[in-house]
Amino acid sequence: MTAFSRRQRVGQRVINTIAGLGLFYIFLPILVIVLFSFNAPKGKYNIKWQGFTLDNWANPFSETELTSALWVSLRIALISTFCATVLGSLIALSLSRYKFKGSGGINLFLVLPLTSPEIVLGSSLATLFLNRGVNFGYVTIIIAHIMFQISFVAVTVRARIRGFDWTLEQAAMDLGATPARAFWKITFPLILPGILAAALLSFALSIDDFIITFFNAGSLVTFPLQIFGASRVKIPPQINVLATMLLIASVSLMVAGTVIGNRRQRKLAGN
Amino acid sequence: MAGKLNRRQFLIRSGVAGASALSLPALLAACGGDDGGSGGGGNSLFFENWPEYIDEETVALFAAASGVDFKYTDAYNDNNEYFAKVQPLLAKGKKIEPDIIAPTFWMAGRFVQLGWAQKLPVDKIPNMANLRDDLKGQPWDKAQEYNLPWQTGIAGIAYNMKATGRELKSVEDLFDPAFKGKIGMLTEMRDTMGLVLLGLGKNISQITTFDEAAAGFEKMEKAKNDGQIRAFTGNDYLDDLSAGNFAACVAWSGDVLQLAKDNPDVKFFIPEEGGTSWFDTMIWVKGSENGDAVAKWMDYVYDPVNAARITASVQYMSPVKGVQDELVKLGGEAAALAEDTLLFPDDATLARLQSWGALAEEEEAKFDEAFAAITGA
Amino acid sequence: MNPTTRLATVASQPERVGLGVMLALALGAVALGAKWVSGPGAAVVAALMLAAVIGLIWVAFVGGLETRRALAPYGLLKPGVLWLSLFFLAPLWSMVVMSLSSKQSRFDFFPSFSWEWDNYRTALTDFRPQFLRSFGYAAIATLLTILIGFPLAYVIAFRGGKYRNILLGLVVVPFFTSYLIRTLAWGNILADEGPVVSIFDNLGLTGVLESLNIMDNGKLLNTPAAVIGGLTYNFLPFMVLPIYVSLEKIDPRLVDAAMDLYSSASAAFRKIVVPLALPGIFAGSLLVFIPAAGDFVNAQFLGNPQTTMIGNSIQDQFLRQLNYPVASAMSFVLMFIITVAVLVYTKFMGTEDLA
């Protein structure tokens, strides 16, 4: 017994250590990014540690082109996320609510954009736009983002509502509710957290997309494209400040989403 | 007449692309007879330039002095990438947003040859007389009516004394096995290959075919396979150089001047075999109708007083005559720049510089292809 | 049969109508997007699509509740499926056409279709090293994500207790920072005078690592190891999450029972935990391997001229050399190889687990 448990304990310690190192590995670059947002670089590059300053945080928007690129990205992400969430959720609803001919094929079709490398999605869409003589810019980027977000939203929402009890809706209708009312009053509130979570994640995908956008942006500069351009010329610490801000914003959104979702679920369960 | 030919080319291209692609203003401009030269148009101006290539003061001062609604951005990161971005529009006769861009000379030549640049309203740019004589009359713009240089510079070698442990003086030093994996090269083909070819004793201004340059590419291919070259970079070589990742690299003069101020270990030199000179040059993009504002801007920056202010900030060689005197008048650090031999090279230095001539379309394709293979892409 | 009764018969099979109209519309969208038809033909296709929609509405209108119920799933699918047909399928077709086109001259921006198989020869011979490196690096990175991701997921699932969600959040949160900035940060960390190299130097590990081909001439940045490390890092969460999902389902009592049976923790681990985690590992492998094989950012920021991947080449050919045909041929080959791999995978695992 003791021999086993000692070996067991050693094994456990090893696996715990690997997991701890894994977490450290995950956080190392993040620490560097946050740390260097307080750097006071002497030259164009924010690479070597030169000295502590709060200036960058006091003037996070002083790099005007960086800031305007961030706004461009936010605007694109808002529009594309809204459209993709609606379209993707409809697909998810259809796939989990109904049994119908061809659902297997649709499942496979939905997975395809997720299993295609971004560079293929980006270059092929750019080829289509070139052939059609479409001007690259806001519209082409939004179209591209919605394209890869739809599958993502559909798959995520479907996974979230897989165990949903559809007889609830039927029960409401038996009690005299119209189908529409039954959906909006019963089903929708219950699947909403799943939809919001998917929207949040696909928003993050849009904000951070580089490869597909690179092919379809034309002269429009999004935040990742601005960073890519800057990486060849100069890297102001404001990049790190804005990245840290984005990180904080998305984490708080995520936390808020979970808290609200949990509270809702508890309330609904209480009723 | 070049103007007529351009217009015909333009109409043929437009016809191929389909009449629907042709915007009404472009059509009117094309039928208007006089191809450029007259200026005219709105009072707004958009100049898309390379990053870190102007002082912010000048942008504001010009807008205030001229009353032009002036927009200045620095999204021009790479000649080839920029060309790829705008070609779908320009090839179809549509216009792009910027009125002025500042491609490197060979790319400017391509724009002119494709008919994508307009004749400058030369009459309205009296200060054009201040253009340095050695930059006048490029083979692709003999009458000097399509381009006006923005800044000029030298491609040479920069090194970090701490990493090399010795002074360098020759192109051959880049291929010293002692620096294996510590050498940086530029993604700009002409700058990198220019130095390598000079190192082999070639006269790059005379090179017109790929075969004449093949030896240089072989040398690079071998260096790459030996792991001599660490990376191909854009301006970010500065960061690798000061971080110690590069012992030595092909570099541009102005950048290194700025870096050396912070880091005295970093040095720049023109190799004993010679260096290349280049210039980035303003062109007026086809389709833009803001000729008056274009003229006002070009005239403004060719005033030596304004040009000196830009030089003091970006520290490249100015294409404008009289800048040296103006720098002295500015006093302080700016006056010190007037003494700098890299900004104002003496005749002996100038004699060691060469620049690339024009390459025909198909030959240039061979160069680019071979160079892409060396950069690994 | 007069037309009305025929229509009535069709309307009595609403499932077929729904599926048929959806497929027809998708096909129409691809035809319009990929320019199978143009000019008057395009107008005809568009009119047919409109007619199909109107017919569908009519069927739904005359049919009863049951008909509408049968049509509903297709109605919900339609907008999304049409979008994907137009902006995912049609582009793939355009890409195939482009990959068989040729340019008249260097600055011919509208290559014309000419069965130019030579593009594929170029893609497969000139760019063979890049293809091999892409799949090689992606495979190694996938293995590494399993080695790092599995213990992480295991500890979170079995030892996390009430902190499970927080721990899971910690794994995901860093990936809300920009992908490019994270990769650039690795450039800082691995630089010659950076922290990692100096730690290795002080520990005297440099020689060992060099003999293992991880370090090269005292440097870590701009080596294959740095590129693979970057890929591993950037796609790690795609491995941790699926493994966690499959481990989460395991009842800890099952492991306890197994330990009684095999009377050894490692045997229980091998025979119970690993097999149950396999679906997660397989799903994770695809989610890591596919984007890693097509990536060019890590190779660009962390690599050297001899570590470029196929993504770098496609990007260069497309966005710098303006050689759309060869770039498209390379994209197609990449897509083809990956699709075959995915199909083999789905054959064994089913698509459901990809979520």
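A nonpolar core is a set of buried Ala, Val, Leu, Ile, Met, Phe, Trp, Tyr and Cys residues joined through C-beta atoms within 7 Å. The legends below refer to a predicted model.

**Figure 1. The largest nonpolar core and the surroundings of Ala248(B).** The largest nonpolar core of the predicted model comprises 274 residues. Ala158(B), Ala248(B), Cys249(B) and Ile283(B) have the most contacts inside this core. Helix H4 (residues 65-99) of chain C gives the most to the core, namely 17 residues. When residues up to four places away in sequence are not counted, Ala248(B) touches Ile157(B), Ala158(B), Tyr159(B), Thr164(B), Leu168(B), Asp173(B), Leu174(B), Phe179(B) and Ile183(B).

**Figure 2. Overall form of chain C.** Chain C contains 17 helices and two strands. For its 355 residues the globule rule gives 20 Å, whereas the radius of gyration is 27 Å, well over that value, so chain C is more spread out than a compact globule. Along the principal axes, the C-alpha atoms of chain C fill a box of roughly 90 × 65 × 30 Å. Of the 355 residues in chain C, 49% are buried. Among contacts in chain C with a separation of 6 or more, 72% join residues 24 or more positions apart.

**Figure 3. The two domains of chain C.** Chain C is assigned domain 1 (3-99) and domain 2 (121-354). A distance of 40 Å separates the C-alpha centres of domain 1 of chain C and domain 2 of chain C. The contact between these domains involves four residues of domain 1 of chain C and six residues of domain 2 of chain C. On the side of domain 1 of chain C that touches domain 2 of chain C, three residues are nonpolar, one is polar and none is charged.

**Figure 4. The contact between chain A and chain C.** Chain A and chain C each bring 67 residues to the contact. On the side of chain A that touches chain C, the helices that each supply at least two residues include helix H3 (64-97), helix H6 (138-160), helix H8 (179-208) and helix H11 (237-270) of chain A. H1(A) gives the most to this side, with 17 residues. By class, the side of chain A that touches chain C has 47 nonpolar, 16 polar and four charged residues.

**Figure 5. The domain contact within chain B.** Domain 1 (2-150 + 282-335) and domain 2 (153-277 + 353-375) divide chain B. Nine residues from domain 1 of chain B and 10 residues from domain 2 of chain B form the contact. The side of domain 1 of chain B that touches domain 2 of chain B holds six nonpolar, two polar and one charged residues.

Figure 6. Val59(B) is part of helix H3 (residues 56-66) of chain B. Because a residue is buried only if 20 or more other C-beta atoms lie within 10 Å and exposed if 12 or fewer, Val59(B), with 14, is partly exposed. Ile54(B), Phe70(B) and Tyr72(B) are touched by Val59(B), not counting residues up to four places away in sequence. Gln206(B) is 147 residues from Val59(B) along the chain, and their C-alpha atoms are separated by 39 Å.

**Figure 7. Confidence along chain B.** Chain B has a mean pLDDT of 87, and 89% of its residues reach 70 or more. Among the elements of chain B, strand S3 (residues 100-101) has the highest mean pLDDT (97) and helix H2 (residues 24-31) the lowest (36). Over residues 1-39 of chain B, pLDDT stays under 50, and the model has 40 contacts beyond four places in sequence for them. Where pLDDT is low, predicted coordinates should not be read in detail.

Methods
Residues numbered from 1 in each chain as written. Chains lettered and ligands numbered in written order. Predicted model: local features only at pLDDT ≥ 70, side-chain atom pairs only at ≥ 80, totals over all residues. Helix = DSSP H or I, 4+ residues; strand = E, 2+ residues; numbered from the N terminus. Rg over C-alpha atoms; globule rule 2.2 N^0.38 Å. Contact = placed C-beta atoms within 7 Å. Nonpolar A, V, L, I, M, F, W, Y, C, P; charged D, E, K, R; others polar. Domains from an automatic or database assignment. pLDDT = per-residue confidence, 0-100.
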